[in-house]
Protein chains: 2
Amino acid sequence: LFISATMEALSILSGILLLLLSGAQSHEPVLSEKLIRDISNYSEIALKIIDYSLTGPGANQSYNRLATFVDRYGPRLSGSSNLEDSIDHMLYLLQQDGLDNVHGEEVNVTHWVRGKEIAQLLEPRSAELSILGLGSSVGTPEEGITADAVVMRSFDELEERKDEVKDRIVVFNPTYVSYPVTVAYRVNGASRASKYGAVATLIRTVGPFSIYSPHTGMQVYNSSVPAIPTACITIEDANMLDRLERAGERLTIHLYMEAQTLPMVISRNTVAEIKGSVYPDQVVVVSGHLDSWDVGQGAMDDGGGAFISWQALSIVKGLGLTPKRTLRLVMWTDEEAGGIGSQQYYQRHREDADKYSILFESDEGVFLPYGILFSGSAEAKAILQQIGQLLVSINASEVYDNGGGTDVDWWREEKVPTASLANHNEHYFWYHHSNGDTMDVLDPEEMNLCSAVWAVYAYVLADLDDVLPRG
Amino acid sequence: LFISATMEALSILSGILLLLLSGAQSHEPVLSEKLIRDISNYSEIALKIIDYSLTGPGANQSYNRLATFVDRYGPRLSGSSNLEDSIDHMLYLLQQDGLDNVHGEEVNVTHWVRGKEIAQLLEPRSAELSILGLGSSVGTPEEGITADAVVMRSFDELEERKDEVKDRIVVFNPTYVSYPVTVAYRVNGASRASKYGAVATLIRTVGPFSIYSPHTGMQVYNSSVPAIPTACITIEDANMLDRLERAGERLTIHLYMEAQTLPMVISRNTVAEIKGSVYPDQVVVVSGHLDSWDVGQGAMDDGGGAFISWQALSIVKGLGLTPKRTLRLVMWTDEEAGGIGSQQYYQRHREDADKYSILFESDEGVFLPYGILFSGSAEAKAILQQIGQLLVSINASEVYDNGGGTDVDWWREEKVPTASLANHNEHYFWYHHSNGDTMDVLDPEEMNLCSAVWAVYAYVLADLDDVLPRG
């Protein structure tokens, strides 16, 4: 999951607007009796999907497939051979699963490499600080950077103390408010400090809880100021440096980073389908991204999302169902480095926007699900709410606003509906972008439930008479 | 906190026996009316202690003192200059605090050093495994050890599969039951595997929860088998290796450890007192250990325990109180490497056992307190229960069985009562012996409460007419 602060702010604002609007209008859209009956007629199929996923041949399948996959390939950063090898194998697996039209769609992606990286506190005592360089960061000179550090608790403090920043390493120690708010320090911290002459920045990990675990993620240079090396440190070390500065201690830090951006390479969005029986050129997309950060196993972010999406097709196929329109799985590439994979897919396919009923993306956890998040017209939302009734037995019938995700939000421009999974992901940011993103975070039964939710929505929407209405 | 499996098993057994015995006896010991009145008379002083600690000059003092101390010195392993420098400074601080008889009591302690350590999974894929060598482990040869690995989920499985162990690295992946039970794999795993020809062992971290955080700790070689290198790995990696083995993959691991045991060095137990006004040669001891593992900050284990013990004396002194008998602070050295500091203290002072009313040790967290754990006679326990009534206002009046700790349990041999702090330490083993043991784990207000509990018990017991009755 990569959310730029701006994107998320817009998303929150649009959510508030939608809320105000929905509060203002006194009448809910009313579905035709035929449509209500059509959807209700899927209740038997929905139960079959749920049984298949929870206790049938699909039980624990997505978890076991994912474990085997990430144990074998590990983390899968854009540009890495890990990612390309894993895509090769994924194409093989999807073919083995008997899916249609299995192929990779080529994408030019960034290729940033971490290399060796070290941060050492030299004064007031010698200590190694655990760091993770931030994506797209430049490295240090060969001899590293040794400089005194200043600790800033906010961008406001940076502005107030800007005269103290020149030739210093700026340590940002903002209190965690929420990921979309606090991530601004990770995304923009380096350039904000570079503007005042800082030689490097260390950003407190963006997360609500840590056991001395640094979290990486993307950062963006402002081209009007020099690009300086930037890395995250742990919450614990940020707080320690903060206390030491307040106690009047001089902080001296040595930073060494080999990080560099190599020439772009060719990667692939991984695609597989169940071809529609009546409207094969119309599609419902289920998706997650196959790339991950280069730490941990990329099991949660976003192995889980990619694999329940595959599972949705597996379940439909396993039950011998063929929807009227095409059910398409896309496993995006290069989400973490900014979403180039999904952007290129959008650019290539946007002319067919009217044939896309909806794009689902799971990229915020596959924990215990309770429904779906949706972005689209009120009438389309009412249809999803009706489908949600098919999921009452597993307590996943709710439909909330603000569905979507980095990889599918491009389609909002064409008013194509998007949706994502509402799940108990309260601890998502404990593990996000860290070595803690492993299979241990996930649970087979929760993945079964997520897969069932995904499959019911995807199948029913792919089988209804019409694509979802636009706003 | 170091608990050998045997010690803890004995402690649990004795607890069960005590429980059975206390259930069997139909009459509780009855305190004399005078003693009840004497203790009740401390209610005003107890309130002063509580106010002093929670909202008076003592508020947040133990937390702030500890933060300043561990930020400055970092972790403090036996034999290290960090530990000796921190003891020097502690002696200075205790003198500055105006305490009596501030001195160090010399102890010969072990000097194990970690050095560089690396574990790499070579097959079925290349991955770095985060490790922490275990205390007293030998290192590898200079070229490291490269061998295939076998995963054992229990000692029973090791016995069943002992023929597969020769020339292999044994990975132990036992399910976490509880620290005292599961720690046996850390303490004895290397020798159990060495018996069957293993060349090294990797032990799953002994803890209930992890964010990819390895936990070190002491291990003990059995002298009848070759000493082989041993380290802990994370829960996550242990589970991954387990899954890979079950999937039939060949596991090849390269292990490199520079760990070695150097000649013993002189360290010190750190002692300070408030000299008793009537029975200066009789003592009540409050204690924690100043040494720690060489990871994190040693803030929880056992900076917190050592500093609330200092705080107990600070509060009594700050209120201008002088108890009848001596209130002694001991900050033990070398607890983590097996308790040599407290053992030598016991050997040096055991002849005065009749003058020791009780020894308190805090080494299981300084989180929200709810009472005290106690080991001693039923009559002594009744006295502590009466004192507990002075702590009702802060919900810390309970007295449970099984008090004590590694550093004070020696005194049970002389029937001297021992006690420890009952506190909400449910997450203690999330951080124990890991880089997660930092100031972030602790809370100033919880430390204020712990300090108040500690000070009330210590002061009242030091000021009563008699030392606590033996069993």
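User: Let's start with helix α8 of chain A and helix α4 of chain B. How do I read the way they pack?

Analyst: The general idea is that two packed helices are described by the angle between their axes and the distance between the axes. Keep in mind that this is a predicted model. Here, α8 (residues 235–246) of chain A and α4 (residues 61–73) of chain B pack at about 100°, and their axes are 10 Å apart.

User: What does that make α8(A) and α4(B), relative to each other?

Analyst: Angles of 65 to 115 degrees count as roughly perpendicular, so α8(A) and α4(B) are roughly perpendicular to each other. On the α8(A) side, the contact is made by Met240(A), Arg243(A) and Leu244(A), and on the α4(B) side by Tyr63(B), Ala67(B) and Asp71(B). Sorted by class, that gives four nonpolar residues, two charged and no polar.

User: Helix α4 turns up in chain A as well. At what angle does α4(A) pack with α9(A)?

Analyst: Helix α4 (residues 61–73) of chain A packs with α9 (residues 299–318) of chain A at an angle of about 130°, with the axes 9 Å apart. The two helices are therefore oblique to each other, and the crossing is right-handed. From α4(A), the contact residues are Gln61(A), Ser62(A), Arg65(A), Leu66(A), Phe69(A) and Val70(A); from α9(A) they are Ala299(A), Gly303(A), Gly304(A), Phe307(A), Ile308(A), Trp310(A), Gln311(A) and Ser314(A). This contact has seven nonpolar, six polar and one charged.

User: And in chain B, how do α3 and α13 cross?

Analyst: The axes of α3 (residues 43–54) and α13 (residues 444–463) of chain B come within 9 Å and cross at roughly 150°. That makes α3(B) roughly antiparallel to α13(B). Their crossing is right-handed. Among the residues that meet are Ile45(B), Ile49(B) and Leu54(B) in α3(B), and Leu449(B), Ala452(B) and Tyr459(B) in α13(B). By class, the contact of α3(B) with α13(B) holds 10 nonpolar residues, three polar and no charged.

User: Now the nonpolar core. Which residues touch the most other members?

Analyst: As background, in soluble globular proteins, nonpolar side chains tend to be buried together. In this model, the largest nonpolar core has 175 residues, and Phe360(A), Leu442(A), Leu461(A), Phe360(B), Leu442(B) and Leu461(B) touch the most other members. Take Phe360(A): not counting residues up to four places away in sequence, its contacts include Val284(A), Val286(A), Ile372(A), Trp454(A), Tyr457(A) and Leu461(A).

User: What about loops? Is Gly58(A) buried or exposed?

Analyst: The cut-off for buried is under 20% relative accessible area. Gly58(A) is at 1%, so this residue is buried. Gly58(A) lies in the loop between α3 (43–54) and α4 of chain A. Setting aside residues up to four places away in sequence, Gly58(A) touches Tyr52(A), Ser53(A), Gln311(A) and Asn448(A).

User: Where is Gln219(B), and which residues does Gln219(B) contact?

Analyst: Gln219(B) sits in the loop between β7 (200–204) and β8 (230–233) of chain B. With 1% relative accessibility, Gln219(B) counts as buried too. Beyond its neighbours within four places in sequence, Gln219(B) is in contact with Leu134(B), Gly135(B), Ser136(B), Ser137(B), Arg186(B), Val187(B), Ala190(B) and Thr230(B).

Key: Residues numbered from 1 in each chain as written. Chains lettered and ligands numbered in written order. Predicted model: local features only at pLDDT ≥ 70, side-chain atom pairs only at ≥ 80, totals over all residues. Heavy atoms only, no water. Axes fitted to C-alpha atoms, helices over the stretch in contact; angles between N-to-C directions. Helix = DSSP H or I, 4+ residues; strand = E, 2+ residues; numbered from the N terminus. Parallel < 35°, antiparallel > 145°, perpendicular 65-115°, else oblique. Left-handed = near helix turned anticlockwise from the far one by under 90°. Contact = heavy atoms within 4.5 Å. Nonpolar A, V, L, I, M, F, W, Y, C, P; charged D, E, K, R; others polar. Core = buried A, V, L, I, M, F, W, Y, C linked by side-chain atoms within 4.5 Å. Buried < 20%, exposed > 50% of the residue type's maximum accessible area, 1.4 Å probe, protein only.
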